[in-house]
Amino acid sequence: LLISIYIWLLIQEKAKIINKEEQRLVEFRGVFISYLEYFNYFNNKNDIEIKKNINTMISNLSNNNFNSVILQVRPFSDAIYISDIYPCSYVIKGKEDDKCTFDILSYFIEQGKIHNIDIYAWINPYRVRSSIDVASISSKNPAYQYLNTNHVAVTSNGIYYNPASSEVIDLIKTGISEIIDNYQIAGIVFDDYFYPNETVDLVSYDYYQKTGGNLSLDQFRYENVNTLVKEIHSLVKAKKLLFGISPQGNIENNYQNAYADIKTWLSSEDYVDFIMPQIYFGFNNDIKPFYPTLMEWHNLISSDVDLIPALAAYKVGEFDSFAKSGSNEWIENNNILAKQIVTCRSLNNVNGFALYRYDFLFNENLFNENTYKELDNLYNIL
């Protein structure tokens with residue numbers, strides 16, 4: 001009996017490896033579609049116009065051999081889908097409304113299936129607003145009931161849920177359950193917005209200490225984010241979907257500013273299925289050159305997690321002031337994205353790429369003299 005059990009376990013483990021290898025035969029070729037695009041394509045449009053624009057977007061992606069969309073479905077404690085929890089986003093309606101009258105997520109999924117494009121639901125878990133305009137938060141928004149409480153904070157850079165609040169964690173989990181229960185998406189993606197500042201949870205930490213907690217403030221914050229990430233991963237995996245996070249490309253900033261404990265996430269299979277760091281740097285960047293930064297991430301992975309770098313389509317032909325001596329690299333070259341993808345393909349833990357964002361690939365109003373050649377070089381390798 002013991003021998004039979006052992007053989008069965010070996011077979012299961014081998015099947016798992018084969019399935020993973022089969023999955024990796026298909027390179028992840030993703031494009032982020034941000035709420036910034038919605039002002040052009042969806043805001044105050046009727047259903048026919050929205051459908052037409054989604055059809056064009058999906059066709060553009062399919063015609064250029066992309067296979068995945070990271071669609072921002074909840075940018076500000078709101079929704080671009082029909083939700084019983086979140087109001088329809090102001091980026092769709094012009095102001096926060098009750099329920100969306102047209103289900104943008106559902107139509108993306110429908111069109112994605114026709115063109116063999118997977119749709120991932122991109123969520124900003126803690127962000128309520130990127131401004132301090134409290135008056136713009138409608139009574140339909142779950143954040144409204146938490147204004148002037150410890151669950152929501154108005155900070156210098158926006159309005160955010162408190163990551164230390166158990167009620168907030170429950171709200172985020174409930175919202176994700178609503179999506180994965182009702183929509184046939186490929187997975188959930190979190191953005192890089194975690195801790196918004198150094199004061200959002202101080203009342204919570206004080207209570208934690210008074211009730212016997214002995215973690216340092218930094219450890220307390222890492223644990224709060226890790227708890228959310230682990231519980232969301234468990235929820236998503238129960239539906240046999242994928243869960244990933246797109247953190248900042250600078251590893252140190254994740255720890256120092258966002259309290260995103262990426263080393264823990266990449267050390268086991270309990271937190272994420274893939275990591276999508278925003279390596280928005282050129283090869284000649286003085287501070288964070290592309291290849292050494294990519295290798296930093298690659299070398300962190302000690303579990304069955306895929307590395308899918310996010311790349312900066314928005315920098316093509318632009319001056320990159322943070323790169324110092326490499327500031328002109330995106331102006332002087334027109335094959336950076338293609339070279340970055342070829343570099344990614346040479347590494348075992350990398351399983352594709354994602355480009356930020358759609359308009360910089362397909363909206364000619366944003367193009368510059370480098371864009372056309374850069375895109376030619378990109379599409380030649382796809």
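Student: Where is Thr371 placed?
Tutor: Thr371 lies in helix 15 of a predicted model, in which local features need pLDDT of at least 70, side-chain atom pairs count only at pLDDT 80 or more, and totals for chains, interfaces and linings use all residues. Residues are numbered from 1 along each chain as its sequence is written, and side-chain values use heavy atoms, with hydrogens and water left out. Helices are DSSP runs of H or I with at least four residues, strands are runs of E with at least two, and both are numbered from the N terminus.

Student: Is Thr371 buried or exposed?
Tutor: Thr371 counts as buried, because its relative accessibility is 4%; the cut-off for buried is under 20% relative accessible area (1.4 Å probe, protein chains only).

Student: What does the side chain of Thr371 reach?
Tutor: It reaches the backbone nitrogen of Asn368 at 2.9 Å.

Student: Which residues is Thr371 in contact with, leaving aside neighbours within four places in sequence?
Tutor: Val316 and Phe360, where contact means heavy atoms within 4.5 Å.

Student: Turning to helix packing, at what angle do helix 13 and helix 15 cross?
Tutor: The axes of helix 13 (residues 336–345) and helix 15 (residues 371–380) cross at roughly 25° and come within 7 Å. These axes are lines fitted to C-alpha atoms over the stretch in contact, with angles from 0 to 180 degrees between N-to-C directions.

Student: Which residues make that contact?
Tutor: Helix 13 contributes Ile336, Leu337, Ala338 and Ile341, and helix 15 contributes Glu374, Asn377 and Leu378.

Student: And overall, how many helices and strands does the protein have?
Tutor: The protein has 15 helices and twelve strands. Buried residues make up 56% of its 382 residues.

Definitions and conventions: Buried means under 20% relative accessible area, exposed over 50%, partly exposed in between (1.4 Å probe, protein chains only). A polar contact is a pair of N or O atoms within 3.5 Å; within protein, one must be able to donate a hydrogen and the other to accept it, and residues adjacent in sequence count only if both atoms are side-chain atoms.
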